[in-house]
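Q: I have a model open here and would like to go through its details with you. Could we take it topic by topic?

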Amino acid sequence: MDEDTAAKRYWNVVRNIFSSTEGDDAQPVHAVHAVPRGVCPPRESVKASDLFIAALKNEGVKWVFGVPGEENLDFVESMRTQTDVKLVITRHEQAAGFMASTVGRLTGKVGVCLSTLGPGATNFSTSAAYAYLGAFPMLMITGQKPILKSKQASFQIVDIVEMSKPLTKFAKQIVNGGLIPSLVRESIRQAEEERPGAVLLELPEDIAGMQVHKEEASLYKIDKVRRPVAEEKAITAAVKMIRFAKHPLLVIGCGANRKLTSNMLRQFIDQTKIPFLDTQMGKGVVDERHPSYVGTAAISSSDYVHACINYSDLIIVVGHDVVEKPPFFMHHEDTTKVIHINYFTAQVDQVYFPQLEVVGDIGNAIWQLKEKLKEEPPLQWDLRYFNYVREEFAKNLLIGVDDTSCPLSPPRFVTDIRRAMPEDGILCLDNGLYKVWFARNYKAYQPNTLLLDNALATMGAGLPSAIAAKMVHPERTVVAVAGDGGFMMNSQDMATAVMLDLHIVVIVLNDNAYGMIKWKQAGMEFGDFGLDLQNPDFVKYAQSYGAHGYKIRSCEEFSTCLQHCITTHGVHLIELPITYAISDMLQVANLKTHLKENLKTPEEYLATAPPISASAEPADAKPRAFTEEEDPNCQEYPFYIGNRPEKPNTDLKVADKYTGKIAYRVALAHVNDIERAIELAVQAFPKIAALSSWQRKEILEHCVNAFKARFDDLARALCIEAGKPIKDSRGEVTRLIDTFTIAAEESTRIYGEWAPMDIAKRTDGFMSITKGFPIGPISMISPFNFPLNLAAHKIAPALAVGCPFVLKPASRTPIGALIIGEILSNAPHLPEGSFSILPCSRDGADLFTVDERFKVLSFTGSPSVGWPMKARAGKKRVVLELGGNAACIVEDVRKPEDIDVIVEKVIHGAFYQSGQSCISVQRLLVRQDLYEGLKEKLVAKVSCLKKGDPHDEDTFIGPLIAVSEAGRIQQWVDEAVSAGANLLCGGQRDGALYDATILENVPGNCSAYNDEAFGPLLCIESYTHFKGAVARVNDSVFGLQAGVFTHDMDKAFYAFEQLEVGGVVIGNVPSIRVDAQSYGGVKDSGFGREGVRYAMKDYMEERVMMMVNVGKEM
């Protein structure tokens, strides 16, 4: 048999081998030999390096990062002749190790790197320590001279195995090719099992090239191993400590970031409301926007979070590892108890010696605690001081964020980066003083989205980590942040990123020094010496690798440049000049002084704090359980770009607001998608603007007919995604149809104006015609509470005038808008690119505000979001509808039975769709002589309103949009009662359900009265004089609509002229909105007007044509 024939037969067998190792029924398989150099080997053997690659493939390895040498050439040849495991050539072994470690960190599966012997292998030492201390599974494969026969004595030979043992869990030299399958399996097993870390296999040159007999070449089936669960007695003891605690606190460490514990921890926190903080490497395990999040232990003592630690009497530490810089220090004299929950026992040292250890799978342990605490609820916790500290810490974090100076300060550039990054974007930090600022100020929304090193804390890992992160998650935004010193330590691998054609952004923080050490040098009052740097031109340096380079020269330029880099493919380097001057505030001595001067002690705060909720659920209450399990009938929805559906992922989970089950999975747009949608809208604008009136009308009428045909589908979707009672859901679908019908009619009534201009001798013969023209692409952001009709009030007017649009529906309720998108995608006449509907994260949606290609921004939502958007919107026109705390005055009735009519209208206005409306009646003012009679009837009827399943036809009060919102209403009610208000009815919570609640005589400084409740909460009071009632209504930062019950036309007109609101409703509650009316607010309630015809005006620009002597003889 000739050599080619033998080789072909070999690879046929190899393909069968590889395919047979896949699937649940895979069995150990036998590899056969590769064709060796110049010799056709026996058919019953396999080359050792081929066997090694087959073993790696069997383990699911995708990449091997490294710098091969002479001693690896057999291994490299084996990689060349297969396609499953990719060789990624780097420019330094240390960078390869960092990349492999990051693969392990993000996936929980081993990352692999390769080096030659001696000088190459020793370069792995830092990355080995990085993986070993950070608990990242990584396999290092190193070469070595032949061990059976060597002709080079000790040239380049270092005992790498012995050198590596202190930095690895397992280190072996392979002395026989037949041992490869077992050594690969054992090394990877040890690398991945708790506690993960680095392992090493040394493959000598002669072993790599040897032939292995079939009997020794069996690969191992990879079976899942169930991690042990915590022992029941430990769980019982932990439950007892938690139940009897007064001020429990949860600390989430790096171990919780390694396995899928995020969901269970969030459920535990949602159920118990225990405040939590995290360590630097625990950031993002639970979304740091959670209301129970206190902060991050960015340093070990004297910060705001340590005030919470010092106050707590029980600290539940989840996933803490003593290799991470301690989040707090324990002392033997402390009375605070510590529960250690981890996969392994606590490593006791002088600052960490927990009193109870719960050892086993973290997720299972948390689940057991959660379930036990349902059966045995806590006696009563006092968490008020934690909440106070959280609020004060939030204020402290605002220091410096508005600083516009250049060089930029850490609070400013951290804030700018957080705003630019999408929710699932991955930020990879190198090491420096900025790491403390990111840990403290940068909120992480998902696990492993802020990759920093608080174990080895090495420099040089930021860029390699970003390269690996982008390879693992090519669909995500990846940004590296490095100081000038740390960046240059592995900057050569910019070439690797360019070679791989990755899209990453590298931000180099340039202070021309080893800034953190220089800061500490100054803090120790030493002389300024030895730490300044002379850096290259970073822009030219990036360009020399084929990357894009940018140098920031002003504060305002940074966010614009960063947004460009995030949305434009390629490797980008941004040189950002920075200053650490503000960092003196983080010196321990300065922090101690600051807290002493600005933060009350527990004794000082609690002496004047509102009491613990008197209306809290009783100890034996068992609130309705929520679960994030997927509904068996879960549906998937695409988003729409340029009129067309796309489903690149199903990352957005939309819950049934009553059951908590995942009812829909939706494609989630990222920055690149939004960028593409805007560009398509720009291209479509001339075409849609050129449509005739009848064509625009037919588009809208097509929608009306489709809405009618899918009436029940739309109502059911609303009921599920918004928790809106089914009767209210049908009412909103009816309004959706009305809005599009009005728009269809108005599309043919876009009139202009003719006017004579011969107003003076010099303009004799002049006349003018004024006409509205479509303004251009519209940016739309709609809220969760009316997912259909508030989207319709933006979409329908745009279609009526001929403007393309990009809509961001609320992430909690996107389904209604996506059904509109489905219907529009089949509409006649609509040019390609005319519309996009893109559910996306708030952080991913910054382009909706700042992109100058949009000519109008139409936003409905909260004032805290809307007004800052307006400030950042640039030159575009802005329309804001921002809510309010609507008031209603009851001044007179004609006959006694009118009271009953008013009561019914007030009940509907205050509590329909659980009060989640910006014009819901929140304040009711009743003339004194009518007050008691109206109050009695109102309370009696409200007390009988049914709350529960929104699908039930009799349900009036459905769930609020989230459990946290019900908790907020509870807090507001408790605050008002503590301040002297009377609770007339309601005041009870069950998960996301909250009773229809009436408070009497609420002080004006209480949130329930002066803020927007957005829940089933009504405040009532009496008044003596009508003018005084009007003044009381005006005593608010809001001004959307008001209602007045009066038959006195003088008083009606007085109210119309004096009430500081956008709309006055005479003879009814302010909750009335007719979809053709002018609708909008004053003060904090908004800017501009909606309503179909009025929105159409905002979507057009007036243009005047001046003419002279037209139709006259010249």
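Q: Which residues are linked with Asp851 and Arg853 in a network of salt bridges?
A: The network of salt bridges links Glu675, Glu679, Asp851 and Arg853, where a salt bridge is a side-chain nitrogen of Lys or Arg within 4 Å of a carboxyl oxygen of Asp or Glu. This is a predicted model, in which local features need pLDDT of at least 70 and side-chain atom pairs count only at pLDDT 80 or more, while totals for chains, interfaces and linings use all residues. Residues are numbered from 1 along each chain as its sequence is written, and side-chain values use heavy atoms, with hydrogens and water left out.

Q: What separates the closest N and O atoms of aspartate 851 and arginine 853?
A: The closest N and O atoms of that salt bridge are 2.7 Å apart. Aspartate 851 is buried, with a relative accessible area of 10%, whereas arginine 853 is partly exposed at 22%; buried means under 20% relative accessible area, exposed means over 50%, and partly exposed is in between, using a 1.4 Å probe and protein chains only.

Q: How many salt bridges does the structure hold?
A: The structure holds 57 salt bridges. One of them joins the side chains of aspartate 303 and arginine 440, at 2.8 Å from N to O. Aspartate 303 lies in the loop between strand 11 (293-297) and helix 12 (304-311), and arginine 440 lies in helix 16 (residues 433-441), so this pair ties together parts that are 137 residues apart in sequence. Helices (H or I, at least four residues) and strands (E, at least two) are DSSP runs, numbered from the N terminus.

Q: Are aspartate 303 and arginine 440 buried or exposed?
A: Both aspartate 303 and arginine 440 are buried.

Q: And what about glutamate 186, which residue does it form a salt bridge with?
A: Glutamate 186 forms a salt bridge with arginine 189, and their closest N and O atoms are 2.7 Å apart. Because glutamate 186 and arginine 189 are three residues apart in helix 8, about one helical turn separates them. Glutamate 186 is partly exposed, with a relative accessible area of 24%, and arginine 189 is partly exposed as well, at 33%.

Q: Changing topic, which residue does UniProt list for "active site"?
A: The UniProt record, an unreviewed entry, lists Glu881 under "active site"; positions from UniProt are given in the numbering used here, feature names are shortened, and annotations may be inferred rather than shown by experiment. Glutamate 881 is found in strand 32 (residues 877-881) and is buried, with a relative accessible area of 3%.

Q: What is glutamate 881 in contact with, leaving aside its neighbours within four places in sequence?
A: With those neighbours left aside, glutamate 881 is in contact with Phe859, Thr860, Gly861, Cys918, Leu1040, Tyr1079 and Ser1085, contact meaning heavy atoms within 4.5 Å.

Q: Which residues does a cis peptide bond join?
A: A cis peptide bond joins glutamate 194 and arginine 195, with omega about -10°, and arginine 195 is found in the loop between helix 8 (180-192) and strand 7 (198-204). The peptide bond from cysteine 406 to proline 407 is also cis, with omega near 10°, and proline 407 is found in the loop between helix 14 (384-396) and helix 15 (410-420).

Q: And what is the phi of glutamine 913?
A: Glutamine 913 has a positive phi of about 40° although it is not a glycine. Glutamine 913 is found in the loop between helix 33 (898-911) and strand 34 (923-927), and it is buried, with a relative accessible area of 4%.

Q: Last one: where is proline 839?
A: Proline 839 is in the loop between strand 30 (835-837) and helix 31 (847-850), and at 0% relative accessibility it counts as buried. The C-alpha atoms of proline 839 and proline 809 are separated by 5.7 Å, although these residues are 30 residues apart along the chain.
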